[in-house]
Amino acid sequence: MTTRTIEFREALREAMSEEMREDLRVFLIGEEVAQYNGAYKVSRGMLDEFGPKRVIDTPISESGFAGMSIGAAMMGLRPIVEFMSWSFSLVAADPILNNAPKMLYMSGGQFGCPIVFRGNDGAGGQLGSTHSWCVESMFANVPGLKMAIPFTPYDAKGLLKTAIRDDDPVFFLESERLLSIEGEVPEESYTVPFGQALIRRPGTDCTIVSFGRPLYFCLEAAKTLAQEGIECEVIDGRTIKPLDIDTIVASVRKTNYCVVVDQSWSFASVGSEIASQVHQHCFDDLDNHVMRVHNDDVPAPYAYNLEQEMLPNARKICEAVRAVTYNA
Amino acid sequence: MTTSSKPDITPQSASLKAKGPSTDLLKQWLRDMLLIREFEVRTMQAYQNKKIGGFCHVYIGQEAVAVGCTAALEPNDPVVTAYRDHGHALARGMDPKYGMAEMFGRIGGCAKGKGGSMHFFDKEHHMYGGHGIVGAQTPLGAGLAFATKYEDEIINGGVSNRVTLSFLGDGALNQGSFHEAQNLAGVLDLPVIFVCENNGYSMGTAISRGTTMGHDITSKAAGYGFDSAVIEGMDVIEVYEGMKAVVDKCRETSRPAFVDMRTYRFKGHSMSDPRKYRTKEEEQQYAQDDPIDKLANELMNNRGLSRDEYDVMAKEVKKQIREATKWAEASPIPDIEELYRDVYVEKFGPYSGTSLPAMLED
Ligand SMILES: Cc1ncc(C[n+]2csc(CCOP(=O)(O)OP(=O)(O)O)c2C)c(N)n1
Ligand SMILES: [Mg+2]
């Protein structure tokens, strides 16, 4: 494969464009995706290539265009719905949670919903509480949907292609803070399967599990901890639904310690779910209970210092790892 | 849907009426508009200098709307708006230092640095927020009107006597929440006026591309049975006079109304907007319709305002904003404990009797 270094946003664009070239049923719809080239320039140039009937600008009507796209998916089209931010998907909560993930079940298997909802998730940098939602825990609670959170440009392309080809609704969570990072991405078409976690840094002393942007904080923490003699194994879950618990369990059986880092709030969260599953599978292997690092349990503040403190930062991860491995 | 990419608004440089509000009032409005303009100019600078983070939307060009609308209100009439909210807060009477401190993320800010540019609040001045989610403030506006009416009639046993202004951008015309808010306001006879600040664009989307009947948005309000008005928003006197009539009627009848307020934002949508969706010619055309110049000219040509007087006023305003900025910079960043305060009321402590949180000594 020929690889070159491209930005995360370009990787996303390639995934969409390749799939749109392959499959006429695929189209992109959302606010400012066409003429403005995307609020974050993810879809730059796509209007020129595919025209306004397949790259469709919408009014600020999330409930309307999400619902409309679900209707189109019931008819067999394969919409990619861009939310400028997942924070704005909340006004479309009914269609994306009540219609898309339940359609197949509710219709007794007659109507599927092959649709991708994608956009920025998580803190974008002092955007305040209305614009800083981490929707993963809240939405992962709903059966019938799949959820992917890419961490690298390589995964951004591969996972998004898998999402577009998937016959079920996929919630695809990007991060504004990652869009400009660069990485090696093959020019050719490839996919990254759902449900396969990846070890981003091997280690023997403590397993750290995370998804998406917080993995940066995890890797930063792992570096610091290595200097203290604690070798962490950092696992990128890649998809929350399906969850690759096997890779996590295998790692914990080796390290005997586990810290889960999840940028959503702690109560009833992805983090609490993983902790629970690890406790269930690794009860006899664990030398301490699983520790979790989350966003603090408060709405996202605007002030820089408060926001930094609220996020699951490297300092908090280091503290958690030290605390959990104190008896090693 | 029409496909023209031009906004359906045209500048009108009709000269201001000589009659109308007193000269002193006009001077006050000029000062108010200059204050907002200067505040926004400093805001943009501070943003470029990275003193302000997050999303930031300035009000330059639209000053006449907030100032003229506020002038048509009683001081205790509630106001709520979207994220382009600095002008409304200042027009309502908020000291600019609290706004600047908010954007600097300082404890002295109008929301203790927790809200930021998009979420200005000021209870003392009946400003119920800047709201970041497009359309979200419109049902809230209906709710504020519901509450004033409830309080006036049910709790105080009198007649409904307050009017709520719920501002929205033209982009919010397309949000479901706005339509539900209008219907509720109609069904429940709420004294709320939805003022659509129709600046022709929502981000890069010209109104004709985003909303059906974009050339005549009052037709939508007609569907809800509302009275509506089209008001020239680049002219503060027209804004005031137009709004005064709508506000007075709303107060009297306790019926909702809708206003198509024709205006223009001179700058980009936010701090990172190259404005490729509109032409330089269009921008230049509107620049000639500057609401501040227009009122200044009226005052100088017909009301005896001297150039010197104007310069003094502009200087004072500059000084006030400079001092506000200094004050904001001197305000400390919030303590980490502040992160956990205000999540629930029991942590809030005794209400201080002002909308503004514990401030530095003046
Ligand atoms: C529900 C929702 N969707 C999208 C956005 C992103 N967004 C912020 S402002 C804006 C444009 C709004 O334009 P308009 O209502 O005309 O107000 P203006 O910016 O012109 O004042 C968009 C799309 C948002 N804040 N909320
Ligand atoms: Mg607008």
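What follows walks through a ligand site, a magnesium site and a few local features of this predicted model. Local features were kept only at pLDDT of at least 70 and side-chain atom pairs only at pLDDT 80 or more, while totals for chains, interfaces and linings use all residues. Residues are numbered from 1 along each chain as its sequence is written, chains are lettered from A and ligands numbered from 1 in the order in which they are written, and side-chain values use heavy atoms, with hydrogens and water left out.

Ligand 1 has 21 residues around it, and Glu62(A), Tyr83(B), Arg84(B), Gly171(B) and Asn199(B) come nearest; here a residue is near if one of its heavy atoms lies within 4 Å of the molecule. Residues from chains A and B surround ligand 1, so the site is shared between chains.

Oxygen atoms of ligand 1 pair up with chain B. A side-chain N or O atom of Asn199(B) sits 2.7 Å from a ligand oxygen, a polar backbone atom of Tyr201(B) is 3.0 Å from one, and a backbone N or O atom of Ala172(B) is 3.4 Å from one. Taken alone, ligand 1 exposes 590 Å², and the protein buries 96% of that (Shrake-Rupley areas with a 1.4 Å probe; for residues, only the protein chains shown count as cover).

Asn199(B) and Tyr201(B) turn up again at the magnesium ion, ligand 2. Its protein donors are Asp170(B) through OD, Asn199(B) through OD1 and Tyr201(B) through O, lying 2.1 Å from it. Donors are N, O and S atoms within 2.8 Å of the metal (3.2 Å for Na, K and Ca), and water is not among the atoms, so sites may look incomplete. Along the chain, the donors are spaced D-x28-N-x1-Y. Asp170(B), in the loop between strand E2 (164–169) and helix H6 (176–187) of chain B, and Asn199(B), in the loop between strand E3 (192–198) and strand E4 (201–202), are 29 residues apart and link distant parts of the chain. Helices (H or I, at least four residues) and strands (E, at least two) are DSSP runs numbered from the N terminus. Asp170(B) is buried at 3% relative accessible area, and Asn199(B) is buried at 5%; buried means under 20%, exposed over 50% and partly exposed in between (1.4 Å probe, protein chains only).

Elsewhere in chain B, Asp260(B) lies in strand E7 (residues 257–262) and is buried, with 1% relative accessibility. Its side chain makes a 2.8 Å polar contact with that of Arg262(B); such a contact is a pair of N or O atoms within 3.5 Å, and within protein one must be able to donate a hydrogen and the other to accept it, with residues adjacent in sequence counting only if both atoms are side-chain atoms. Leaving out residues up to four places away in sequence, Asp260(B) touches several others, including Cys196(B), Ile217(B) and Val230(B) (contact means heavy atoms within 4.5 Å).

Most residues other than glycine have a negative phi, and most peptide bonds are trans. Asn37(A), however, has a positive phi near 65°, and Lys41(A) has one of about 60°. Asn37(A) is in the loop between strand E2 (26–30) and helix H2 (46–50) of chain A, and Lys41(A) is found in the loop between E2 and H2 too. A cis peptide bond, with omega about 0°, joins Lys241(A) and Pro242(A).
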